[in-house]
Amino acid sequence: MNRVICFRRILLATLIILAGAIFSTHALAQEEGRKVTTLNLGFDVHQPGHEVFIPLILDVPDGVEVETAISEVTFPNQLLSFNEVASGLSAQAANAEVRAVVEVDEQNPEDSVVTVTVSTAKGQSIPSGVIADLAFTISEDAAVEQTIKLKNVVRALTTDDGPVDPITGTEGEIQVTATPPVFACFFYMH
């Protein structure tokens, strides 16, 4: 009887030790994952001929101070036209300047590249959040029920003028639909 109890205790202790090792490894991986700065594009849905707004979202981990964020957004110029860029709330909070320059892609003339630059005064940093909103108009000739991909190449500089490393960015999407999205007030409907 004592052997069975002893065996169970050893087994339980072994399981606890293994579980602790697994969870600590998982926690360490999550902690390392949080150290990556991201500059992601969002998405929007609308009909051909209408304007869409794509947010540019900065996520800065603890200990990283971004002074300048740059996103090069490539889009098909036969399906979209770039209208303007507006300052997002995080850029406004930092008193950051938001600029956009559009050029035809030299390697592929069917694409255009809008370079969005968000920068603060020397020594200040941009907080996490929406730093810019990009406005595009969907072509009247765009086929419905398609998704237009917006490529996103990103880089950033710290308050020490060094590159932010690592930094990643996700692509944006515009869904062209036959029916416009409907937004309803939840409280009104009940």
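How many of the 190 residues of the chain count as buried? In this predicted model, local features are described where pLDDT is at least 70 and side-chain atom pairs where pLDDT is 80 or more, whereas totals for chains, interfaces and linings use all residues. Residues are numbered from 1 along each chain as its sequence is written, and side-chain values rest on heavy atoms, with hydrogens and water left out. Of the 190 residues, 36% count as buried, where buried denotes under 20% relative accessible area, exposed over 50%, and partly exposed the range in between (1.4 Å probe, protein chains only). The accessible surface of the chain amounts to about 12,000 Å², and 58% of this belongs to carbon and sulfur atoms; such areas come from the Shrake-Rupley method with a 1.4 Å probe, and for residues only the protein chains shown count as cover.

The chain contains three helices and eleven strands, these elements being DSSP runs numbered from the N terminus (helices, H or I, of at least four residues; strands, E, of at least two). Read from the N terminus, the elements follow the order α-β-β-β-β-β-α-β-β-β-β-β-β-α. With contact taken as heavy atoms within 4.5 Å, 75% of the contacts between residues at least 6 apart in sequence join residues at least 24 apart.

The largest nonpolar core comprises 35 residues, and those with the most contacts inside it are Ile-131, Leu-134, Phe-136, Leu-150 and Ile-174. Strands E1 (37–41), E3 (51–59), E4 (66–76), E5 (80–87), E7 (111–119), E8 (129–138), E9 (146–158) and E11 (172–176) each supply at least two residues of this core, and the largest share, five residues, comes from E8. A nonpolar core is here a set of buried Ala, Val, Leu, Ile, Met, Phe, Trp, Tyr and Cys residues joined through side-chain atoms within 4.5 Å. When neighbours within four places in sequence are left aside, the contacts of Ile-131 include Leu-39, Leu-56, Leu-58, Ala-69, Ala-86, Val-98 and Val-118.

The structure holds two aromatic pairs. In one of them, the ring centres of Phe-75 and Phe-136 are 5.1 Å apart and the planes stand at 70°, so the arrangement is edge-to-face. Because Phe-75 lies in strand E4 and Phe-136 in strand E8, this pair ties together parts that are 61 residues apart in sequence. For Phe-82 and Phe-136, the ring centres are 5.5 Å apart with the planes at 70°, so this pair is also edge-to-face; it links distant parts of the chain, with Phe-82 in strand E5 and Phe-136 in strand E8, 54 residues apart. Phe-75 and Phe-136 are buried, as are both Phe-82 and Phe-136, and Phe-75, Phe-82 and Phe-136 form one aromatic cluster. Rings of Phe, Tyr and Trp (its six-membered ring) are paired if their centres lie within 6.5 Å, with planes under 30 degrees apart counted as stacked, over 60 as edge-to-face and the rest as tilted.

Some backbone features were also noted. Most residues other than glycine have a negative phi, and most peptide bonds are trans. A cis peptide bond, with omega of about 5°, joins Asp-165 and Pro-166, and Pro-166 is placed in the loop between E9 and strand E10 (167–168). Asp-161, which lies in the loop between E9 and E10, has a positive phi of about 65° although it is not a glycine, and is partly exposed, with a relative accessible area of 47%.
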